[in-house]
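Hello,

Here is the structure I promised to pass along. Have a look at it first, and then read on for what turned up.

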Amino acid sequence: MEGEPMGRQRARLGSLERLVQNYSHCAECGARLHFNYYTDFSLNTTHEKASCPECGIEARKLMHRLQ
Ligand SMILES: [Zn+2]
């Protein structure tokens, strides 16, 4: 607290937090998203599903195709 470069540290931390926040928090209300992973065996793909517990928004993302 005394003479520490908190401002600079915070700025660096802040940009990192924003990057993480874009991915892990709801774009609508900013709540922390819940993640689920599931595999579609008919398509041999693994999906990630993110849902917001606050506003119910859902986002799905294809993670990777199984070999
Ligand atoms: Zn939300």
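To begin with a question: which residue takes a positive phi in the hairpin of E2 and E3? Glycine 56 does, with phi near 80°, and that hairpin has six residues between the strands.

Some ground rules before the rest. This is a predicted model, in which local features need pLDDT of at least 70, side-chain atom pairs count only at pLDDT 80 or more, and totals for chains, interfaces and linings use all residues. Residues are numbered from 1 along each chain as its sequence is written.

On confidence, the protein chain has a mean pLDDT (the predictor's confidence in each residue, from 0 to 100) of 79, and 76% of its residues reach 70 or more. Helix H1, residues 6-24, has the lowest confidence, with a mean of 66, whereas E1 has the highest, at 89.

Now the layout. Read from the N terminus, the order is α-β-β-β.

The three strands make an open, antiparallel sheet ordered E1-E2-E3, where two strands pair if DSSP finds at least two bridges between them. Strands E1 (34-40) and E3 (58-65) each have a single partner strand, so one side of each is left without a neighbour in the sheet. From one strand to the next, the twist averages 25°, using axes that are lines fitted to C-alpha atoms (for helices over the stretch in contact) and angles from 0 to 180 degrees between N-to-C directions.

Going through the pairs, E1 and E2 (residues 45-51) run antiparallel and are joined by seven bridges. Threonine 39 has threonine 46 in E2 as its bridge partner, and tyrosine 37 has glutamate 48 in E2. The hairpin of these two strands has four residues between them, and asparagine 44 there takes a positive phi near 55°. E2 and E3 are also antiparallel, over seven bridges, with lysine 49 opposite arginine 60 in E3.

Finally, two totals for the protein chain. Of its 67 residues, 1% count as buried (20 or more other C-beta atoms within 10 Å of the residue's own, with C-beta atoms placed from the backbone). Among contacts (C-beta atoms, placed from the backbone, within 7 Å) between residues at least 6 apart in sequence, 18% join residues at least 24 apart.

Best wishes

Methods. Buried ≥ 20, exposed ≤ 12 C-beta atoms within 10 Å, placed from the backbone. Contact = placed C-beta atoms within 7 Å.
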